[in-house]
Amino acid sequence: AFVALTPETLPTKLGGLDVLKTRIGSDPSAWRVREVGDGNLNLVFIVEGPAGAVIVKQALPYVRLVGESWPLPLKRSYFEYNALIRQADRDPGMVPEVFHFDRAQAIVVMEFLNPHIILRQALIRGEILPKIGKDLGRFAARTLFRGSDLSMSARARKEDLALFADNVELCDITENLVFSDPYFEAELNRHTPQLDGLVAELRADRDLKVEAQALKHLFVAKAETMLHGDLHTGSIMVTKNDTKVIDPEFAFYGPMALDVGMMLSNFWMSYFSQRGHEESGSRDEMRRFLIGVIDEIWETFVAEFSHLWRTERTGILYQRSLFEDRGDALGAELALSRVLGDIWTDMLGFAGIEMHRRILGLAHNADFETIADLDLRGACEAAALKFGRHLAVNRRSITGLTALAGLAERLDRG
Ligand code: SR1
Ligand code: MG
């Protein structure tokens, strides 16, 4: 039967595993164990010893943020494990290495990333990270392209579609928390009181609600590739020179645009929160950095996706036999433009909706939550909500990131 680990029981429970003895030290009684999980769902332990350290992550049979009243199946750990090994293959070096997986106990033992910190914390501190845009743009392109029918064999892709189709309960969280709850008075919602007027306006905004549901429609029906599924800045760890993507327990087959949109959204939210973190000096350099990162992620994504399209298109979609092999390279390029155009449009929509749910729904972002002055927090959040509404409703007519940077600046100034 499943038993939740504690720092006291962990050495006895896992001390027999050779892989851990090698990585941490042969005497489990000398291991030091700390529970450090600060996410919404799981237990996370750092286990250190004379030979090194590992992370032990264990799912709980309920949502940690809410408690036992919200049960959540342990099998999410199986999806996380399967996603991690596929991402490691599709973009080597970008996810923590997995050392051990125990399906019954919902435990993944993996590489301890040190001295990495959570990207969201780095952005709140105002740290400039020179590699982040390229690393994340490439990660998105490689994992999204290589998990799809553009690249995989039809059988392998359909088998993975079936494997991840069982991640129903985590998809259900996103379906409710991201796409529906922010737009009505759902029980677990909360928001900064200073936003009351704007929240009422958004909940009465028919165009916005239609777009949110159109995006939910894409989320549930466009089973295009294996997504990370929860690719926000709390799911990324960084040093100045290294980027790692963690926590893919929400993985499933869905629209490519979701991962890209959620990622950019969280950088935009960081941008709008900077005003709340200026106690120790201006954050103008940080603002320029964040706008630059958003550009760089998108440009790198497009460049890498295009490169893979031209060099690795081995799946059943847009076969070379219809285009390049018949001397019609232009046809393949036109198809690429169309695919990227659809990702662009939908990415903007997902980005907008993600901003709303982090300000109006259950699960908020530390970027805003750590702003103690509620008037200031409300002003930052209001700018993000308006920006998010623009992205979601006008996504089909937005032609580039430059105009969006201008709008963000105007809203940020208030
Ligand atoms: C009840 S879980 C709330 C949120 O935490 C996770 O990280 C996901 O973002 C989810 O939507
Ligand atoms: Mg998570």
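**View 1. Tyr 81, a buried residue in this predicted model.** Welcome to the structure, starting with a single side chain. Tyr 81 counts as buried because 23 C-beta neighbours lie inside 10 Å, and the cut-off for that label is 20 or more. This residue belongs to helix H3, which covers residues 76-90. Setting aside residues up to four places away in sequence, Tyr 81 touches Val 98, Phe 101 and Val 108. Look also for Glu 249: its C-alpha atom is 7.9 Å from that of Tyr 81, although the two are 168 residues apart along the chain.

**View 2. The shell around ligand 1.** Now let us visit the ligand. Gly 39, Asn 40, Leu 41, Val 63, Leu 65, Ile 173, Thr 174, Leu 177, Asp 230 and Ala 363 surround ligand 1. Sorted by class, the residues of this shell are 6 nonpolar, 3 polar and 1 charged. Helix H7 (residues 168-177) is the element that gives the most, with 3 residues. Ligand 1 lies between domain 1 (10-111) and domain 2 (117-413), because both give residues to its shell.

**View 3. The largest nonpolar core.** This core holds 107 residues, and Trp 268 and Ala 384 have the most contacts inside it. Its largest share comes from helix H10 (residues 256-273), which supplies 12 residues. Since domain 1 (10-111) and domain 2 (117-413) both give residues to the core, it lies between them. As background, nonpolar side chains tend to be buried together in soluble globular proteins.

**View 4. A stretch listed in UniProt, residues 33-270.** Our last view follows a database record. An unreviewed UniProt entry lists these residues as "domain: Aminoglycoside phosphotransferase". In the model, residues 33-270 are 41% helix and 21% strand. The C-alpha atoms at the ends of this stretch are 32 Å apart.

How values were computed
Residues are numbered from 1 along each chain as its sequence is written. Chains are lettered from A and ligands numbered from 1 in the order in which they are written. This is a predicted model: local features need pLDDT of at least 70, side-chain atom pairs count only at pLDDT 80 or more; totals for chains, interfaces and linings use all residues. A residue is near a molecule or strand if its C-beta atom, placed from the backbone, lies within 6 Å of it. Helices (H or I, at least four residues) and strands (E, at least two) are DSSP runs, numbered from the N terminus. Ala, Val, Leu, Ile, Met, Phe, Trp, Tyr, Cys and Pro count as nonpolar, Asp, Glu, Lys and Arg as charged, and the others, Gly among them, as polar. Domain bounds come from an automatic or database domain assignment. A residue is buried if 20 or more other C-beta atoms lie within 10 Å of its own, exposed if 12 or fewer, and partly exposed in between; C-beta atoms are placed from the backbone. Two residues are in contact if their C-beta atoms, placed from the backbone, lie within 7 Å. UniProt positions are given in the numbering used here, feature names are shortened, and annotations may be inferred rather than shown by experiment. A nonpolar core is a set of buried Ala, Val, Leu, Ile, Met, Phe, Trp, Tyr and Cys residues joined through C-beta atoms within 7 Å.
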